[in-house]
Amino acid sequence: MPLPARTRTAIHAARLARPAVRRKRPTVLTWGLGADSTAEILMFLNDPVAHGLELDLSDLVIVHAVTGDEFSDSLSFADRLVLPLLRAWRVRLVQICRGGPRDADGVLVLDDSRAPRRIHAASPWRLSDELRTAGTVPMLASGQRRCSIRFKGWVLDTWAAHEFGTETFRRVIGYHADETGRALKDSAIQDQLNTAAGRIICEPDYP
């Protein structure tokens, strides 16, 4: 079922508008609703300055890529225990998703607020829709998380290009302590993207 027009904003690469110049480098924390990225949120709220943030957290943006297939208990936990903290601190939370099966369908902003009330459970094109259409299951081969790339990585990168333009930002990802290999791979990929762009798009950080 299509989402109400008032709850979404389509983002298309051909229509990207550059944002106003900011005073300092922003920090983007990608929140997958899991234990590791949620722990990072709590760390930042507890001591912003120690983690390179402004005391009022005005330079922090938390971004959640909605796949449409999160566990109900994860959604409930976030709504009941995390969102009240974000509202209290006035932390900006942006919820985004794929607009459809094609990249040309763009990215939808489901919510962009400093007083979020709920995590969106649905999206126009869910991960499960894509898997059913392709007649397959989530793919994890040779270290490649293809579903994550299409429903999280691409969505986050497209949103960031719109939000920051040519401005450098810090990207924080919550990897588990035993996932150093993933963190190193992510850094290597970002280094390649920075080199290809001829500038620092973003600086990965794994607290």
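## Helix pair, cores and a buried arginine

Just after helix α3, G135 takes a positive phi of about 65°. This is a predicted model, so local features need pLDDT of at least 70 and side-chain atom pairs count only at pLDDT 80 or more, while totals for chains, interfaces and linings use all residues. Residues are numbered from 1 along each chain as its sequence is written, and side-chain values use heavy atoms, with hydrogens and water left out. Helices (H or I, at least four residues) and strands (E, at least two) are DSSP runs, numbered from the N terminus.

**Helix α3**

**The α1/α2 pair**
- The axes of α1 and α2 (lines fitted to C-alpha atoms over the stretch in contact, with angles from 0 to 180 degrees between N-to-C directions) come within 11 Å and cross at roughly 25°.
- That makes α1 roughly parallel to α2, a label for angles under 35 degrees.
- On the α1 side, the contact (heavy atoms within 4.5 Å) is made by T38, I41, L42 and L45; α2 brings F77, V82, L85, L86 and W89.

**Nonpolar cores**
- A nonpolar core is a set of buried Ala, Val, Leu, Ile, Met, Phe, Trp, Tyr and Cys residues joined through side-chain atoms within 4.5 Å.
- The largest one has 19 residues, and L29, W31, L60, I62, L86 and I119 touch the most other members.
- Two or more residues each come from α1 (35-46), β3 (60-65) and α2 (72-89), with α2 giving the most, at 5 residues.
- Leaving aside residues up to four places away in sequence, L86 touches W31, I41, I62, V91, L93, R114 and P116.
- There's also a second, separate core of 15 residues, which includes V28, V61, W159 and C202.

**Strands β4 and β5**
- Strand β5 (residues 107-113) is mostly covered, with 5 of its 7 residues buried.
- It runs antiparallel to β4 (residues 92-98), and 6 bridges join the two; strands pair if DSSP finds at least two bridges between them.
- One of the residues involved is V94, whose bridge partner in β5 is D112.

**R171**
- R171 is found in strand β8 (residues 169-173).
- Why does R171 count as buried? Because its relative accessibility is 10%.
- Not counting residues up to four places away in sequence, R171 touches V28, T30, D157, D186, Q190, C202, E203, P204 and D205.

Methods
Buried means under 20% relative accessible area, exposed over 50%, partly exposed in between (1.4 Å probe, protein chains only). Angles under 35 degrees count as roughly parallel, over 145 as roughly antiparallel, 65 to 115 as roughly perpendicular and the rest as oblique.
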